[in-house]
Amino acid sequence: MKAIAASLMRGGTSKGLFFLASDLPADTALRDQYLLRAMGSPDNRQIDGVGGANPLTSKVAIVSPSDHPGADVDYLFLQVSVDCAQVSDTQNCGNMLAAVGPFAIEQGLVSAGDEITEVRIRMVNTDAFARATVQTPGGQVTYYGDAVIDGVPGSSAPVLIDFQDIAGSSCGALFPTGHLTDTVDDIQVTCIDNGMPVVLMDASALGVSGTESPAELEADQNLKARVERIRLAIAPRMNLGDVTHQTIPKMCLLSHATHAGVVSTRTFIPHRVHDAIGVLGSVSVATACAIPGTVAAKYVDVQQPGDALGIEHPTGLFSVAMQVSLTTTPTEPVLARSALLRTARLLMRGELLIPTDNITTE
């Protein structure tokens, strides 16, 4: 067995392993084999690993000191597939990002302040930046607090995440097709990337209400096939190429809000339906809501610049603070700010024991 220091942490509504980069092999092929064995993939139950048999609980964060002058730490996110031997670095994870600041402080990469500590994070996957504000009373990370987020029982200390210059981080432009809307498979869509490539569609155009549960949508094989057909067709126009074996873009069905939000969402990620919505996915949806002419904007009855936009999802609501200034070029607005509140918790730290038999590159 290979023993590697690791922490298990919840970040927002995701959960996964956190490593210092220095504790993992520098060779990425060997590293990925270690991570597959650690999670127990490929296996739908992940019974021989610590993965939770769901994409939301089969995630890895690798953190290291940053040599970039605008960052304290580098954060590499890796999605470990549940049912196939694949480790992907093609996307960020904003939920796991919520735990990067606490982890960096716990590991001594950032010195804690007396009350709060700001951690500047470079998201290596897309070379974008965020600033996390972590509660550190008495110079120690605390996970106790009154902050509540939908999808997580109880309350925890808040982690405020302020994203910086994340537009086009994966596709090269906020609206990568150059249009506010496109037509694919006879459906009008909006393709947007404000930290996460997302394709927005009216749920009604796909023959559903948008209020179905994730299980109900996953059981609709005709719907799943059509959503995947649209995803594969539009991805090259989003500068993503062939995404057959990738987890982006996310496919988001929109309908009218039924609670306190401005729009309701159901998101294919892309072959399962998210129980909530990803952090960066919600930022992309909120951005589209604030820009007239998108598929999402028509759902917004009232919008005030700088207001928080509520993005409803199957288990609650994300509140995203947006500051958008429109310009004479509709596809090139100025995004002054996108921020939201998450929580995180350290669940376990110790050594992860990884069987090294059948690891071929060692």
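1. A quick word on terms to start: buried means under 20% relative accessible area, exposed means over 50%, and partly exposed lies in between (1.4 Å probe, protein chains only). Ser-338 counts as buried because its relative accessibility is 5%.

2. Please keep in mind that this is a predicted model, in which local features need pLDDT of at least 70 and side-chain atom pairs count only at pLDDT 80 or more, while totals for chains, interfaces and linings use all residues. Residues are numbered from 1 along each chain as its sequence is written, and side-chain values use heavy atoms, with hydrogens and water left out.

3. Ser-338 is found in strand β16 (residues 334-354); strands here are DSSP runs (E, at least two residues) and helices likewise (H or I, at least four), numbered from the N terminus. Not counting residues up to four places away in sequence, Ser-338 touches several residues (contact means heavy atoms within 4.5 Å), among them Asp-162, Phe-163, Asn-194 and Val-283.

4. Now to Phe-163. With residues up to four places away in sequence not counted, its contacts include Leu-97, Met-123, Phe-129, Val-279 and Ser-338.

5. Next, the nonpolar cores (sets of buried Ala, Val, Leu, Ile, Met, Phe, Trp, Tyr and Cys residues joined through side-chain atoms within 4.5 Å). The largest has 89 residues, of which Tyr-75, Phe-163 and Ile-311 touch the most other members. Helix α2 (residues 94-106) gives this core its largest share, eight residues. A second, separate core of 21 residues includes Leu-36, Ala-38, Val-87 and Ile-354. In soluble globular proteins, nonpolar side chains tend to be buried together.
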